[in-house]
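Trainee: I would like to learn how to read ring contacts and pockets in a protein model. Could we go through them together?

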Amino acid sequence: MKKPVYFINKFHKGNFLRLIKKAGKNHSDITPTAYILAAIGTLGNSEGPYAIIDKYFLPTGIDFEMLSQTLSGDAADRAMLKAAANLYNSENYANLNDVFSPLNDEYQAVIYQALLVKFPSFSRSWDKKYPYAEGD
C-alpha cells in the first residue's frame with residue numbers, strides 16, 4: 001500500500017496531492033505525514049489551514065515547532081499534528097491516548113490509514129498471521 005485510499009473529502013485529497021508534489025521525489029517516506037497534515041481542518045468542507053501548513057512544509061523538511069506555534073486549531077487539530085510529527089520522526093513524541101481521544105471517526109480513519117501506509121506489511125499479512133481473528 002503506497003498511497004492512501006481514504007480521503008475525508010475533495011479538500012483533503014487536494015491538500016495531500018499539493019503537499020506530495022511540493023515534497024518531490026526525494027521524500028517518499030513523507031506520504032503518511034503529508035496525508036495527516038492535509039486532513040487537518042478539512043471536516044468543515046474547506047481547505048482548512050492549508051496555507052499555514054504549506055508555509056512550514058518544505059522540501060528540506062517540516063518545521064513542526066513553528067507549525068505547532070502557528071496552527072491555532074482545536075484539540076483534534078493539535079492531536080493530528082502530533083501524530084503527523086511522530087510518523088515523520090519518532091523523536092517527535094506522541095502519546096496514543098492523547099492523539100486518539102479528541103478525534104472523531106473521520107480523523108481516526110485518517111490516522112489508521114496513515115499507519116497502514118507507514119507499515120504496509122501489517123495490512124498485507126493480517127489474514128495470514130491471524131486467521132482466527134476473521135469473523136464467521
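Mentor: Gladly! This is a predicted model, and we can begin with a charge and a ring: the charged end of Arg18 lies over the ring of Tyr50, 4.2 Å from the ring's centre.

Trainee: What describes a pair of aromatic rings?

Mentor: Two things: the distance of the centres and the angle of the planes. This structure has 5 aromatic pairs. One of them joins Phe7 and Tyr35 edge-to-face, at 5.7 Å centre to centre and with 70° between the planes.

Trainee: Where in the chain are Phe7 and Tyr35?

Mentor: In distant parts, 28 residues apart. Phe7 belongs to the segment before helix H1 (10–23), while Tyr35 is in helix H2 (residues 31–39). Ring pairs also bring Phe16 in, giving a cluster of Phe7, Phe16 and Tyr35.

Trainee: Is Tyr35 buried or exposed?

Mentor: Tyr35 counts as buried because its relative accessible area is 0%, and the cut-off for buried is under 20%.

Trainee: Now for pockets. What shows where empty space is left?

Mentor: Picture rolling a probe the size of a water molecule over the atoms. Here, the second largest pocket holds about 170 Å³ of space.

Trainee: Which elements give two or more residues to the lining of that second largest pocket?

Mentor: Helix H4 (64–70) and helix H5 (75–88) do. H5 gives the most, with 5 residues. Among the lining residues are Phe64, Asp77, Arg78 and Tyr93.

Trainee: How many of the lining residues are nonpolar, polar and charged?

Mentor: The lining of the second largest pocket has 5 nonpolar, 3 polar and 4 charged residues.

How values were computed:
Residues numbered from 1 in each chain as written. Predicted model: local features only at pLDDT ≥ 70, side-chain atom pairs only at ≥ 80, totals over all residues. Heavy atoms only, no water. Phe/Tyr/Trp six-rings, centres within 6.5 Å; stacked < 30°, edge-to-face > 60°. Helix = DSSP H or I, 4+ residues; strand = E, 2+ residues; numbered from the N terminus. Buried < 20%, exposed > 50% of the residue type's maximum accessible area, 1.4 Å probe, protein only. Lys NZ or Arg CZ within 6 Å of the ring centre and 35° of its normal. 1 Å grid on protein atoms, 1.4 Å probe; cavity = no way out; pocket = protein on both sides within 12 Å on 5 of 7 lines; lining within 4 Å. Points joined across faces, edges and corners; volume = space filled by probe spheres on them. Nonpolar A, V, L, I, M, F, W, Y, C, P; charged D, E, K, R; others polar.
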